[in-house]
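Open the model in your viewer and show the chain as a cartoon. The stops below say what to select next and what is there.

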Amino acid sequence: MFSNEQSCWFVRKVVCWRAVASIAWAVLLLLPITALFVILSRFSLLHPIQTISECLSFATCASAIFSLILMCGVIIMVGFLNLEYYTVIPTIACSRIALLGQLLHPRQLVHSLAHCIMGTIVAWCCAVTIGGRYESIGGPCIQNDDTDRLPQMCLNEYHLILLLAGAFVGFSHSLLGVIYNMNYVSFHTVQQYKYLRFKGSLLLVVRCSSTQALYCVRNYIVMYFFLGYIPKAWICKTLNLHLNSSVHPLDSIPGLLDPSLLYHQWISASFLLFTWHITLLLFRIFVTEVYSFPVQSSFTEDAHQCLPKVLTDKQPMILKFLALQDFALLSQHSPSRRCEVFSLSQPGGHPHNWNAITKECLSLLADLTQRLVAYHDTVATNGRSKSLSSGSERKTSSESSVTSGPEDLMSPRPAMLLRTPASVFARSIGGFPQSPLTAPFTPDLDSPFSSPALRRLTAPMDQCSPWFGTVQSPHIMRRAPKLWSTSTDSQVNGSPPASPASVPSPKQEPSKPSRLAQFLQNRKEQVKNFLAKRALIMYLFNKLPEASSQALFADSQAHIWALEGGNRCCTLSLISMWIPAVFADTTCTLLCRPPGLSYLVQASFSEDQFGVVQTTLPSILGSMLVLQEAVDRHFKLPHASSKPVRSAGSLGESTHKTLRFALRATLKTSIYRITTTFGNHLNAVKMSAEHRKRLQLFLEYKE
């Protein structure tokens, strides 16, 4: 399943067993849920005793046992699909055409087809459970125009409409899962026991399932009114059944508005969605449970399972996120494990654990900084864009200045073109060789309606060109200098950086395109200009507000853990019994704050006996300050500072919409934590003049 053989140990020993445990609990919970459905579907207010006797007699029949076995199989299949399609980095469509592409992806079509089949199976089990007129697909009937009055096998439309409703609800559930990122597994804000977390989310699952079932039944009734005759005629022809002319057809307003039919459709859809949502909720709870990695091992064969090695692994992403979560918990709540991080290797006396952990954390911060700079250079100039490659090249000088030190913990990453992930089904365990985390945004220049002149400005420059790596627009040159535009040495010494224009380069004659290439290019531009004037085309290709900003910070949970820790580490056990769920998150925020790299630096002030943190303190402070400036510049862009409205009635994860605000607050808190702990001792740290000036604002509490 994975290319990295050593990463499979975690998937095989941890993730798969957690998924199996969640499926087992979902199967165990299916029995009481089914019993409740039987009571609600057969309940009669005028005959309560008869309802109880019918339920007891149904529980002992063979059809009930067979239906329960089928529904257990459906639950197992749903759990397998949850394991196959989950991701820890959400895929955010930046345009409507991108969202349409996700919905029409082949893996999504397979997912939708599987849910249609499973919905039909569950609907059949519901029809058998309800009994009466829903029990079978066909039955004997006598036609009104039949002179012989002979019984014939006719179609039972009540059974058919319930089966089609199950397929429609399953298909709708699959599509809504893509739109609302239902396959996105987020890490809970408050660390709770699994039982308490499940109990707190149970009421939300009931409300979401019943509400979604109501909307699905409404949409299904409208669709069946216009298109119901198609499956009805096909079933009659396939099974050699007749239409009962003595019964009013259901694809009419009186037939569809039958109160009993509407109630049974709604209760069946609610039962279907509730069992699937319970399976998804249990999977999220089990797979995001905290896992403790050893800092170091005495056996070489277990070295790949230690925290410093796991943090550097690129795949699977669930392993990296759980390692960062454990690192966040370690740095605040485990003094003994912190001593292992600060320890020296024997023999040799090298801080290998600290170097590996710090290198990965600083690499994550530098990666996000590079993406922010590239994004800002693309969209902040209102169309006067410059090359992403040049911005990335200028970024490398800052990275080298930030990470310079005795240990040389980081090396600048090569510039790359950052794009949106291809599909919602690019799993977190799938391979993305370009970056350890997904680079989740697509510049507006990828639109097929961008002008040729704009794309010419953003085309990669030739390395032999005298303008390679420099700014190409006079409007951009007049802007204020950036932290990442000059190196540390030039800022400290006061000497201007060497201009790349002074380096001679050989002249290259551009090759003249052929007539056929010119003709095809002209036709292409004509087609694009024609389509750009159509309102529907522009509606599909225009960027959605806030989508690019949300996609840019889609993986910021890892950066929050690397800085300070994303989860508020309050293990609410007895407290959660009496604290209302509405105030649980607020109470935990007031009680304690999360750990991370800043907590390790803070703890090193009194626990670092060998001074291993002092060698990398300039790199840590420089990375944080450069990232903070990039984040502040990003929040000055349109739609970046507007907070999205939280959807309280959906199981779809929306935490990724506010990750940029959490990252900004975490970044500032981390710098304040370091400056408060070290105080004036930071004046002895070597850093550039720009960094020292910005750090002084934190020391004086003016930032």
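What percentage of the 703 residues of the chain count as buried? The value is 50%. Keep in mind that this is a predicted model.

**Whole chain.** Colour by secondary structure: the chain has 28 helices and 4 strands. Among contacts with a separation of 6 or more, 80% are between residues 24 or more positions apart.

**Annotated segments.** Select 20–43, 55–79, 112–130, 158–180 and 201–221, which an unreviewed UniProt entry lists as "transmembrane region". Residues 158–180 are 96% helix and 0% strand, and their end C-alpha atoms lie 32 Å apart. Residues 201–221 are 100% helix, with 30 Å between the end C-alpha atoms.

**Nonpolar patch.** Now select V222, M223, F225, F226, L227, Y229, I230, I253 and L257, which make a nonpolar surface patch of about 890 Å². Two elements, α7 (194–227) and α8 (229–239), each give two or more residues to this patch. The most come from α7, with 5 residues. Zoom in on V222, which lies in α7; V222 is partly exposed, at a relative accessible area of 45%.

**Helix α10.** Move to residues 259–287, the 29 residues of α10. From first C-alpha to last, α10 reaches 42 Å, close to the 42 Å expected at 1.5 Å a residue. Of these 29 residues, 24 are buried, so α10 counts as mostly covered.

**Salt bridges.** The structure holds 10 salt bridges. Side chains of opposite charge can pair when their charged atoms come close.

- Select D251 and K232, whose closest N and O atoms are 3.3 Å apart. D251 sits in the loop between α8 and α9 (253–256) and K232 in helix α8, so the pair ties together parts that are 19 residues apart in sequence. K232 is buried, with a relative accessible area of 7%.
- Select K320 and E360, a salt bridge with closest N and O atoms 2.6 Å apart. K320 belongs to helix α12 and E360 to helix α14, so the bridge ties together parts 40 residues apart in sequence. Both residues, K320 and E360, are buried.
- Select D632 and R694, which meet in a salt bridge at 2.9 Å, N to O. D632 is in helix α26 and R694 in helix α28, so parts 62 residues apart in sequence are tied together. D632 is partly exposed, with a relative accessible area of 24%.

Definitions and conventions. Residues are numbered from 1 along each chain as its sequence is written. This is a predicted model: local features need pLDDT of at least 70, side-chain atom pairs count only at pLDDT 80 or more; totals for chains, interfaces and linings use all residues. Side-chain values use heavy atoms; hydrogens and water are left out. Patches are made of residues with over 30% relative accessible area and no salt bridge: like charges are joined within 9 Å, nonpolar side chains (Val, Leu, Ile, Met, Phe, Trp, Tyr) within 5 Å. Accessible areas come from the Shrake-Rupley method with a 1.4 Å probe; for residues, only the protein chains shown count as cover. A salt bridge is a side-chain nitrogen of Lys or Arg within 4 Å of a carboxyl oxygen of Asp or Glu. Buried means under 20% relative accessible area, exposed over 50%, partly exposed in between (1.4 Å probe, protein chains only). UniProt positions are given in the numbering used here, feature names are shortened, and annotations may be inferred rather than shown by experiment. The expected span of a helix is 1.5 Å times one less than its number of residues. Contact means heavy atoms within 4.5 Å.
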